[in-house]
Amino acid sequence: MSLSPGLLPVLTPLPILIPILTAAATLIVGRKARVQQAISIAALTAVVAISGVLLYLADRDGMGAVQVGGWDTPIGITLVVDRLSAGMLLVSAIVLLGVLIFAVGQGISDGAERQPTSIFQPTYLILSAGVAIAFLAGDLFNLFVGFEVLLAASFVLLTLGASADRVRAGVSYVMVSMVASLVFLTGLALVYAATGTLNLAHMSVRIAEVPLGVRSAICAVLLVAFGIKAAAFPLSNWLPDSYPTAPAPVTAVFAGLLTKVGVYAIIRVHALLLPPGTFDGILMVCGLLTMVIGILGAIAQSDIKRLLSFTLVSHIGYLMFGVGLNSVGGTTGTVYYVVHHILVQTTLFLVVGLIERQAGSASLSRLGGLLAASPALALLFGIPALNLGGIPPLSGFLGKVRLVQAGVDDGSALSWILIAGSVVTSLLTLYVMARVWSKAFWRPRVQAPEGTLADAAPSALIDESTDVLFDDRDDPGRMPRLMVWPTVALIAVGLALTVFAGPVLGISQRAAEDLHDPHRYLETVLGPQDSWQSGGTR
């Protein structure tokens, strides 16, 4: 079945078009910060609603495809909506909206000289459009376009304020991303030379006729490009140095979303293009090394932002583990866990922004006594921290159990090694989170090696004025509601993954079944099976 034919052509392009058009509108009203904020929030709210409808329709009716401009497949631009792409769209839209409201509350676009008011909103909306392009693209070229839109917007957001550290991190990020883009372009050239098409469905048909060695080489190039984007070991060294210098909202949305776009590309290419079983062992080894090395790096950190950046890398390993298992169970766990990780990792970085505002620093050597100063802030950190560590019955535990079950079902020696690695990584993650709690929240402030913080009253957690948007340098210890409530909302969405784990895992399993039966994708994009099997699309 296909999506409702009347709704599909109308709704599918909107998650791309709405942010682009409203980005232009925010540039036009660049001198009116409140109007900019209202336009941006309204646009992303609409994207959340549209993405929810797309996921409902995709789960009810099956996947669907739209040919932009009326060009026939495989010549034109194809946008594909299935359970995976619609689910990723929805969770990314929720995160983007929450972080935007947090940014407004922090005052990142209120005219402070380090955070230009006319730049943040339109750039953020363009970033949102790039995410949507990547998730909806039905061909490799437009997937590349989505990556490049993300790169351009990311560089601007990373360097907001133009401090030396931010510019240095931004240049490093861009250089790494350009290398990934160059590798991706090389893969595009190779795959087009071998198959004569860049449409993923058409390519899936034609690449089966390519000699196995050539096919493996092409797919290896693409996996390297996507591995850099996903920050999988050994291509992850750039991330901990790039993200922590940015403003808290920027770091949060980067940590939550951008690496997952790379993971999404790996999942999609693995389902449609990779020779069966050829790269599964490599992906699993990379997953193990990513988990272990990432969490060991986190243990060595004393700055919470860098610590969380290493845990971000570490938990990409769980996703690589699930993909490498190449089973419906493994992919189900991966889809569920990627949704969990987007929400939890974003929330933790937002909480770090609140900690910086409350205490003036994110360094563990300067922090202490935050439990007494702000019990609510301690709760805001504790819930997602426990979720990341995999404490039952939270979604982190459920996702890891699903992956471990898939590994047990696989039964290979490598899968058992991955199971052991995942358990150890989970325990070490819990240890890292407990260390942050112990030093930043539990111990007295006077015991911190560099503790020079002013005492803050618990009542200072929420500023009751709805008219004041604070810059991150002013009024330390005071946090406006627009910073607190989006964080609370994202925590609630993360907890909803536990409360509604059954339905969410059901959608994840159906998405996995779609991925492991590529004929559904091919028939949706190319038409009835007889047409493309007989060469009608060639």
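I started with Asn326: at 31% relative accessibility it counts as partly exposed, where buried means under 20% relative accessible area, exposed over 50%, and partly exposed in between (1.4 Å probe, protein chains only). Asn326 is not a glycine, yet its phi is positive, about 55°. I found Asn326 in the loop between α13 and α14.

A note on what I'm looking at: this is a predicted model, where local features need pLDDT of at least 70, side-chain atom pairs count only at pLDDT 80 or more, and totals for chains, interfaces and linings use all residues. Residues are numbered from 1 along each chain as its sequence is written, and side-chain values use heavy atoms, with hydrogens and water left out.

Ala231 is not a glycine either, and its phi is about 60°. Buried or exposed, I wondered about Ala231? Ala231 counts as buried, because its relative accessibility is 0%. I placed Ala231 in the loop between α9 and α10.

Pro234 lies in that loop between α9 (212-230) and α10 (239-242). The peptide bond joining Phe233 and Pro234 is cis, with omega about 5°. I noted another cis bond, from Pro392 to Pro393, with omega near 5°. Pro393 is in the loop between α16 (375-389) and α17 (395-410).

Helix α13 (residues 304-325) and helix α14 (residues 328-359) pack at an angle of about 175°, their axes 9 Å apart. (Axes are lines fitted to C-alpha atoms, for helices over the stretch in contact, and angles run from 0 to 180 degrees between N-to-C directions.) So α13 is roughly antiparallel to α14, a label for angles over 145 degrees. Contact means heavy atoms within 4.5 Å; the residues making it include Leu308, Leu312 and His315 of α13 and Val338, His341 and Phe349 of α14.

On to the strands. How many bridges join β1 to β2? Five bridges join β1 (residues 64-68) to β2, and the strands run antiparallel; two strands pair if DSSP finds at least two bridges between them. Ala65 stands opposite Val80 in β2. Four of the five residues of β2 (residues 77-81) are buried, so this strand is largely enclosed by the rest of the structure.

Last, the whole chain. I counted 22 helices and two strands, which are DSSP runs numbered from the N terminus (helices H or I, at least four residues; strands E, at least two). Of the 538 residues, 59% count as buried.

Methods:
Angles under 35 degrees count as roughly parallel, over 145 as roughly antiparallel, 65 to 115 as roughly perpendicular and the rest as oblique.
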